[in-house]
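I am opening a notebook on a structure that is new to me. My entries follow the order in which I looked things up.

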Amino acid sequence: MSTTLEPDGTHDGLPAFYFDNRLDGPVLSHLQRWDELAGTHTGFRSTVAGGYWVATDGPAVQRALQDWRTFSNTSVTALEPDPKFLWIPEMLDPPEHTAWRRLLGRYFSPAAVAAREPEIRRTATELIDALAGRGGADVLDDFARRFPTLIFMRLMGLPEEDLPTFLAWIHDLLHLSHAEDPEGSRQLSAMQAVSAYFDEQIALRRRAPRDDLLSHAMAWTIDDQPISDRDMHAFCILMFQAGFDTVPISIGWALYHFATHPEQRAEIVADPALIAGGVEEILRVYSFVVPARKATRDVEIAGCPVRAGEMVMLPLAVTNRDPHRYENPLEVDLHRSSTNHIAFGSGPHRCLGSHLARLELTTAVREWHRRIPDYRVAPGQELRQHGNMYGLQSLRLEW
Ligand code: HEM
């Protein structure tokens with residue numbers, strides 16, 4: 001990470017930093033940087049590219065996420081205030097957004113997700129059983145990335161044999177370092193491949209609908225209009241981004257946490273009822289999503305004088321690790337009575353997949369510890385995390 005915490009000037013009276021959230025760094029470095037920034041500033045200006053505002057005041061971040069009239073989702077990428085792409089429902093504002101959420105809701109409701117529990121458990125156990133006798137593995141590649149991706153492909157109705165292709169695209173899209181892809185050409189060609197893949201899947205279902213979420217969505221109407229191929233495509237791309245990386249990142253943090261906190265690992269092994277609360281704490285403490293919004297009017301937020309059309313970055317970590325909100329905020333406390341975190345966001349865009357994510361995470365952690373209760377971080381690796389969404393790049397455990 002090239003951020004220095006030394007301001008390189010001021011902007012409208014606030015400190016300006018060269019702050020580039022895309023860069024990778026050593027394990028936990030992004031969280032430590034947010035803690036440091038939040039401890040010294042309510043907000044600041046990043047001077048990267050055209051510049052954008054960053055709120056580092058916990059309550060202000062949550063308020064902005066809830067105030068969709070002032071903080072629009074027409075752009076959610078701090079570096080691109082006028083994107084040429086569309087992701088549905090993430091980049092829609094109400095009322096169009098509300099119509100999509102109403103239609104999608106029943107596929108992601110607690111009851112719909114609970115009905116998938118046997119399949120989710122079976123998938124997790126098969127993958128973990130295959131690893132248990134090996135004595136060690138890169139748990140991201142060999143488990144955390146495969147498990148939720150398989151569940152998600154089945155939900156959308158995508159052929160399971162495409163899993164290796166999907167994992168390769170996800171790698172090129174999200175996990176290449178600057179050195180591996182200096183021009184961004186591999187990332188671009190993966191994006192084009194994903195885009196072409198979904199065009200094909202949409203066309204297949206226009207010809208012959210099936211019993212899957214994609215086919216069902218194509219039969220919906222919004223304001224009496226059928227969903228266009230363009231909007232179906234924007235929906236598929238968002239689901240791809242939202243569904244494929246987040247659960248793997250969280251499983252990675254959970255295994256990292258319990259590998260480095262053996263006393264807590266012993267507690268959850270002895271009493272699996274502690275796992276659900278532990279997962280909430282891991283989501284809170286290792287917060288990795290950094291939403292952004294576009295101001296619709298001049299407004300002051302977290303001390304930043306934001307002008308209409310400017311972007312504001314809203315890191316969830318500053319709310320979830322706020323010492324005014326939590327006692328011992330940086331500690332995973334398996335016995336905390338209520339965590340009340342915003343790791344799934346807040347306001348109208350709060351994560352659609354949160355029930356599914358929670359079930360996948362608790363299942364992964366429970367089934368893992370049933371089969372592999374004793375493990376450690378394999379020596380001789382330098383643990384690093386990606387920028388943008390902070391997930392471990394790889395994690396080799398041994399048992
Ligand atoms: C631990 C895992 C996950 C985390 C931490 C997470 C987090 C988030 C967050 C913070 C947002 C709000 C973004 C914003 O305000 O701009 C969001 C939105 C969303 N998430 Fe998740 N997510 C997870 C898993 C999933 C899964 C498994 C799915 C689907 C299968 C999913 C689908 C979505 C969708 C569709 C949205 C957009 C909602 C909207 O715009 O109304 N997420 N997620």
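**Entry 1: the whole protein**

I began with burial: of the 399 residues of the protein, 54% count as buried. I note here that the model is a predicted one.

Next I looked up the secondary structure. The protein has 16 helices and 16 strands. I then checked its radius of gyration, which is 21 Å. The globule rule gives 21 Å for 399 residues, so the protein is as compact as a globular protein of that length. For the outline, I took the box filled by the C-alpha atoms along the principal axes. That box is roughly 60 × 55 × 45 Å.

Among contacts in the protein with a separation of 6 or more, 68% are between residues 24 or more positions apart.

**Entry 2: the iron atom**

Which protein atom is the donor to the iron atom of the ligand? I found a single one, SG of Cys-351, at 2.3 Å. I then placed Cys-351 in the fold. It sits in the loop between helix H15, residues 316-320, and helix H16, residues 354-371.

**Entry 3: the loop between H15 and H16**

I stayed with this loop and looked up Arg-350. It, too, belongs to the loop between H15 and H16. I set aside neighbours within four places in sequence and listed its contacts. They are Arg-101, Phe-344, Gly-345 and Arg-358. I also took one distance from Arg-350, to Glu-267. The two are 83 residues apart in sequence, and their C-alpha atoms are 31 Å apart in space.

Asn-340 is in the loop between H15 and H16 as well. Its phi is positive, about 50°, although Asn-340 is not a glycine. I looked up the general rule: most residues other than glycine have a negative phi. Asn-340 has a relative accessibility of 54%, and the cut-off for exposed is over 50%, so Asn-340 counts as exposed.

**Entry 4: helix H16**

Beyond neighbours within four places in sequence, Thr-362 is in contact with Ile-275, Ala-276 and Val-279.

Glu-367 is also in H16. What is its relative accessible area? I read 2%, so Glu-367 is buried. Its contacts, leaving aside neighbours within four places in sequence, are Arg-121, Thr-125 and Ile-128. I took a distance for one of these, Thr-125. Glu-367 and Thr-125 are 242 residues apart in sequence, yet 6.3 Å apart in space, C-alpha to C-alpha.

**Entry 5: backbone notes**

I went through the peptide bonds next. Ile-88 and Pro-89 are joined by a cis peptide bond, with omega about 5°. Pro-89 is in the loop between strand S6, residues 71-72, and helix H3, residues 96-108. Another cis peptide bond joins Pro-94 and Pro-95, again with omega about 5°. I placed Pro-95 in the loop between S6 and H3. The general rule is that most peptide bonds are trans.

I then checked phi at Leu-28. The value is near 70°, positive in a residue other than glycine. Leu-28 is in the loop between strand S3, residues 25-26, and helix H1, residues 29-40. At 22% relative accessibility, Leu-28 counts as partly exposed.

Last, I looked for cavities. How many of 30 Å³ or more are there in the whole structure? The search finds one. I noted about 50 Å³ of space for the largest cavity.

I then wrote down its lining:

- Leu-140, Arg-145 and His-175 are among the residues that line the largest cavity.
- Asp-245, Pro-248 and Ile-249 are also among them.
- His-386, Gly-391 and Leu-392 are in the lining too.

I sorted the lining residues by kind: four are nonpolar, three polar and two charged.

Conventions. Residues are numbered from 1 along each chain as its sequence is written. This is a predicted model: local features need pLDDT of at least 70, side-chain atom pairs count only at pLDDT 80 or more; totals for chains, interfaces and linings use all residues. Side-chain values use heavy atoms; hydrogens and water are left out. On a 1 Å grid over the protein atoms alone, a cavity is a set of points where a 1.4 Å probe fits but cannot get out, and a pocket is an open set with protein on both sides within 12 Å along at least five of seven lines; lining residues have an atom within 4 Å of a point. Grid points are joined across faces, edges and corners, and a volume is the space filled by probe spheres set on the points. Ala, Val, Leu, Ile, Met, Phe, Trp, Tyr, Cys and Pro count as nonpolar, Asp, Glu, Lys and Arg as charged, and the others, Gly among them, as polar. Donors are N, O and S atoms within 2.8 Å of the metal (3.2 Å for Na, K and Ca); water is not among the atoms, so sites may look incomplete. Helices (H or I, at least four residues) and strands (E, at least two) are DSSP runs, numbered from the N terminus. The radius of gyration is taken over C-alpha atoms; the globule rule is 2.2 Å times the number of residues to the power 0.38. Buried means under 20% relative accessible area, exposed over 50%, partly exposed in between (1.4 Å probe, protein chains only). Contact means heavy atoms within 4.5 Å.
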